[in-house]
Amino acid sequence: MAAYFDNTALKKAFGSFATGVAVATSHSSGFTINSFSSLSLSPPLIIFNIYKTETDHVDFLKNNSFAINFLSREQEDVSRLFATKDPEKANKIQHSISENQNIILNDTLGHIELSVFQQIDIADHVLVIGQVQNLKTDESKKPLIYYRSKYQSLKDE
Ligand SMILES: Cc1cc2nc3c(=O)[nH]c(=O)nc-3n(C[C@H](O)[C@H](O)[C@H](O)COP(=O)(O)O)c2cc1C
């Protein structure tokens with residue numbers, strides 16, 4: 001079937017879906033993502049994708065363990081930094097190292113730590129399905145929102 005839209009129209013349509021923003025981290029570094037989605041409660045699974053030409057997914061998944069850090073509305077600068085290729089980016093943001101050797105960012109809405117349940121190669125992307133191993137949430141914080149290529153935040157109630 002011939003496509004009757006161009007890439008600009010496609011990006012605009014995809015960008016109409018507002019998302020939260022997270023940083024996927026593992027043993028050495030991390031990168032900003034908005035392709036996160038919960039997948040199943042039992043077993044506890046999530047999915048996100050890695051753009052293989054941008055991120056070294058082999059190194060990222062090397063230990064079979066990673067974390068997803070959900071950003072708060074005060075962390076737009078963290079999102080921007082982790083969307084760069086700065087090799088020192090993780091050292092520029094306060095963090096701790098978990099027992100599984102993952103980088104856990106400070107001051108987020110919360111994070112989950114996962115093991116790799118399955119990975120699926122599709123063209124330039126690898127879809128990663130992770131199984132939640134542990135988690136932490138801070139209910140006092142509000143999320144950072146990404147919508148039509150811009151950062152937004154929810155209005156206070
Ligand atoms: C809002 C936003 C969402 C992004 N979502 C993804 C994503 O879901 N998957 C991905 O591979 N890259 C995503 N990126 C791009 C990566 O953050 C970027 O390619 C990465 O930081 C490159 O650095 P690295 O080589 O250290 O991994 C996103 C960027 C932004 C700004």
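Predicted model: local features only at pLDDT ≥ 70, side-chain atom pairs only at ≥ 80, totals over all residues.
Residues are numbered from 1 along each chain as its sequence is written.

Helices (H or I, at least four residues) and strands (E, at least two) are DSSP runs, numbered from the N terminus. Two strands are said to pair if DSSP finds at least two bridges between them. On this basis, seven strands form an open, antiparallel sheet in the order E3-E2-E6-E9-E10-E5-E4. Its edge strands are E3 and strand E4 (37–40), each of which pairs on one side only. Neighbouring strands of this sheet are turned by 35° against each other on average, direction ignored; the axes are lines fitted to C-alpha atoms, for helices over the stretch in contact, and angles run from 0 to 180 degrees between N-to-C directions. Within the sheet, strand E2 (residues 22–25) pairs with strand E6 (residues 65–70) in the antiparallel sense over four bridges. Ala22 has Phe70 as its bridge partner in E6.

Three strands form another open sheet, in the order E1-E11-E12 and with antiparallel pairing. E1 and E12 are its edge strands, each pairing on one side only. Strand E1 (residues 19–20) is joined to E11 over two bridges, and Gly20 has Ile145 as its bridge partner in E11. E11 and E12 run antiparallel and are joined by four bridges. Leu144 stands opposite Ser153 in E12, and Tyr147 stands opposite Lys150. The hairpin of E11 and E12 has two residues between the strands, and Arg148 takes a positive phi near 50° there.

A residue is buried if 20 or more other C-beta atoms, placed from the backbone, lie within 10 Å of its own, exposed if 12 or fewer, and partly exposed in between. Glu157 lies in the segment after strand E12 (150–153), and it counts as exposed because it has 4 C-beta neighbours inside 10 Å. The C-alpha atoms of Glu157 and Phe60, 97 residues apart along the chain, are separated by 38 Å.

A nonpolar core is a set of buried Ala, Val, Leu, Ile, Met, Phe, Trp, Tyr and Cys residues joined through C-beta atoms within 7 Å. The largest such core has 24 residues, of which Ala22, Val23, Ala24, Ile68 and Leu71 touch the most other members. Elements that each supply at least two residues of this core include E2, E3, helix H3 (76–82) and strand E9 (110–122). E6 gives the largest share, four residues. Not counting residues up to four places away in sequence, Ile68 touches Ala22, Ala24, Phe36, Ile46, His111 and Ile112; contact requires C-beta atoms, placed from the backbone, within 7 Å.

The ligand is surrounded by 17 residues, the closest being Phe31, Ser35, Tyr51, Glu54 and Thr55. A residue is near a molecule if its C-beta atom, placed from the backbone, lies within 6 Å of it. Strand E3 (30–33) and strand E5 (45–51) are the elements that give two or more residues to this shell, and E5 gives the most, with four. The shell divides into nine nonpolar, six polar and two charged residues. Ala, Val, Leu, Ile, Met, Phe, Trp, Tyr, Cys and Pro count as nonpolar, Asp, Glu, Lys and Arg as charged, and the others, Gly among them, as polar.

Notes: Contact = placed C-beta atoms within 7 Å.
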